[in-house]
Amino acid sequence: MSGERIGITEEVLEKINGYAVGKLKSEQVYCFSVLLCDNDVDRDYERFSDEALDRLAVMFRGRTGIFDHDHRSRGQTARIYDTEVRSYPDRKTMDGRDYRALMGFAYMVRTEDNKSLIAEIEGGIKKEVSVGCSVAKRICSVCGADGAKGGCNHIKGRSYGGKLCYVELDEPMDAYEWSFVAVPAQRAAGVTKVYGEREVNAEIEKLRAAQEQFCEELRGDIIRLGCFVKSYDIVEVEDMDIFALMELKKKLSRQLREEAASGKAAGVAAEYDSGEMEAFRV
Ligand SMILES: [Zn+2]
């Protein structure tokens with residue numbers, strides 16, 4: 001299915017020129033199709049939902065693909081100018097559904113450098129495509145729990161009461177890229193999927209918690225410093241962000257040192273290497 005050559009009609013050229021920088025002529029471009037992903041259960045025991053395929057079809061338009069699995073093709077790119085979800089009524093998925101596949105139609109601008117690559121695509125060699133996308137829902141086929149929200153204890157690839165456990169990928173959030181790879185993950189197309197969303201969120205949550213704790217410490221330091229700096233006009237620190245808090249703490253420390261040097265201060269502040277701070281009344 002992939003690697004099929006496409007006749008460059010006026011209509012095709014118009015779609016391509018919607019993405020191209022200059023106005024390209026038909027002899028300047030090479031077009032081919034790639035199978036981006038499908039609704040069959042893949043070797044990771046995951047499948048895209050039919051709705052996900054339809055949404056990914058829109059998201060993949062305009063996305064750039066890279067060839068980087070050997071030195072001759074490194075740095076070469078192609079861009080998807082159109083997509084289509086195709087149905088294959090006489091073919092069934094592993095779980096008995098009508099097979100559907102998301103096809104991407106891509107173009108490359110012909111150059112001296114990509115001559116051999118184009119020959120390879122025409123020869124049907126480079127058929128394996130990997131796609132990167134994020135999904136909001138990862139539904140267990142046995143119990144329907146969403147893996148993106150904690151999930152369940154069912155293990156992908158195992159059978160529960162005769163029912164195979166796999167994960168249905170639903171609600172795609174974004175499609176990042178596609179590339180030609182040596183080892184495919186999905187049965188037909190070779191899809192490796194990227195589930196950035198959940199991991200990224202967990203990372204951000206961790207950072208936020210650490211930052212909030214640091215802000216809380218800064219607020220405490222500011223309140224303590226404020227008790228000793230005579231020229232300090234009390235300000236509301238609750239809504240200050242981390243940068244404003246750091247600035248204020250620095251300013252108060254400086255003021256306290258200056259006041260101490262001139263004998264005006266009611267105390268001194270000491271900051272240790274650990275970043276901890278103490279203020280002493282004198
Ligand atoms: Zn489950």
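Residues are numbered from 1 along each chain as its sequence is written, and side-chain values use heavy atoms, with hydrogens and water left out. Because the model is predicted, local features need pLDDT of at least 70 and side-chain atom pairs count only at pLDDT 80 or more, while totals for chains, interfaces and linings use all residues.

**Exercise 1. The zinc site**

Task: Find which protein atoms are donors of the zinc ion, and work out what arrangement they make.

Solution. Begin with the rule that donors are N, O and S atoms within 2.8 Å of the metal (3.2 Å for Na, K and Ca), and keep in mind that sites may look incomplete, since water is not among the atoms. The protein donors are SG of Cys 140, SG of Cys 143, SG of Cys 152 and ND1 of His 154, at 2.1 to 2.3 Å from the zinc ion. Along the sequence, these donor residues follow the spacing C-x2-C-x8-C-x1-H.

Next, turn to the angles. Four donors count as tetrahedral if all angles lie between 85 and 135 degrees. The 4 donor atoms around the zinc ion subtend angles of 105 to 114°, and therefore the arrangement is tetrahedral. For comparison, the ideal angle for four tetrahedral donors is 109.5 degrees.

Finally, look at accessibility, where buried means under 20% relative accessible area, exposed over 50%, and partly exposed in between (1.4 Å probe, protein chains only). Cys 140 has a relative accessible area of 6% and so is buried, whereas Cys 143, with 43%, is partly exposed.

**Exercise 2. Aromatic rings**

Task: Count the aromatic pairs in the whole structure and classify two of them.

Solution. Rings of Phe, Tyr and Trp (its six-membered ring) pair if their centres lie within 6.5 Å; planes under 30 degrees apart count as stacked, over 60 as edge-to-face and the rest as tilted. The search finds 3 aromatic pairs. One of them joins Tyr 30 and Phe 32, whose centres are 5.8 Å apart with 20° between the planes, and this pair is stacked. Both Tyr 30 and Phe 32 are buried.

Another pair is Tyr 81 with Tyr 107, at 6.3 Å centre to centre and 50° between the planes, which is a tilted pair. This pair links distant parts of the chain, since Tyr 81 is in strand S4 (residues 76-92) and Tyr 107 is in strand S5 (residues 98-109), 26 residues apart; strands here are DSSP runs (E, at least two residues) and helices are DSSP runs too (H or I, at least four), numbered from the N terminus. Tyr 81 and Tyr 107 are both buried.

**Exercise 3. The two sides of helix H1**

Task: Decide which residues of helix H1 are buried and which are exposed.

Solution. Within H1 (residues 10-17), the buried residues are Val 12, Leu 13, Ile 16 and Asn 17. They lie on the same side of H1 because they cover an arc of only 130° around the axis, the arc being that of the directions from the helix axis to the C-beta atoms. On the other side of H1, Glu 10, Glu 11 and Glu 14 are exposed. An α-helix has 3.6 residues a turn, so residues three or four places apart point the same way.

Definitions and conventions. Four donors count as tetrahedral if all angles lie between 85 and 135 degrees; four count as square planar and six as octahedral if opposite donors are over 155 degrees apart and all others between 65 and 115; anything else is irregular.
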